[in-house]
Amino acid sequence: MLENSKAFSGFAAPDIGKAKEFYTKTLGLKVTEEHGLLSLHLRGGNNVLIYPKPDHVPATFTVLNFPVDDVDAAVDELNKRGVRLEKYNGPEIKTDEKGIMRGNGPTIAWFKDPAGNILSVLAGTM
């Protein structure tokens, strides 16, 4: 029934203006706005919807992953753009001083958007 539908994912943000600025200026993504909704236009024709939700509570999981060739280089560039990487020191997830988890699955680093949504850069392609 839905096999021919061009599905897309979405998540909320309390302030669409702040979200638009972050995704366009900080991350350099193509973003369009229509009827108060943002569409992130990602490589490969994938789109992600960001919709306003005043009582937004950020998810406790990663909502958007960006596969990259070099996680260290991506982290360095994010830092230059003012993005703070998340640091974890738990029994299952430990990041190094740069905020990168290595050797326990794919090399990955997490960061948050202005709404507290968790995003990542990770090694590999999807």
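Trainee: Which strands form the open sheet, and in what order?

Mentor: In this predicted model, the open sheet is formed by four strands in the order β5-β8-β7-β6, with mixed pairing.

Trainee: What makes β5 and β6 the edge strands?

Mentor: Each of these strands, β5 (62-68) and β6 (100-101), pairs on one side only, and therefore each is called an edge strand.

Trainee: How do you know that β5 and β8 pair, and in which sense?

Mentor: Two strands pair if there are at least two bridges between them. β5 and β8 (residues 118-123) have six bridges, so they count as paired, and the sense is parallel. Among the facing residues, proline 67 has leucine 122 of β8 as its bridge partner, and valine 68 stands opposite alanine 123 in β8.

Trainee: Why is β8 called mostly covered?

Mentor: A residue is buried if its relative accessible area is under 20%. Five of the six residues of β8 are buried, and therefore the strand is described as mostly covered.

Trainee: Which helix lies across these strands?

Mentor: Helix α2 (residues 71-80) lies across β5, β6, β7 (108-112) and β8, and runs at about 145° to β8.

Terms used:
Residues numbered from 1 in each chain as written. Predicted model: local features only at pLDDT ≥ 70, side-chain atom pairs only at ≥ 80, totals over all residues. Heavy atoms only, no water. Helix = DSSP H or I, 4+ residues; strand = E, 2+ residues; numbered from the N terminus. Contact = heavy atoms within 4.5 Å. Axes fitted to C-alpha atoms, helices over the stretch in contact; angles between N-to-C directions. Buried < 20%, exposed > 50% of the residue type's maximum accessible area, 1.4 Å probe, protein only.
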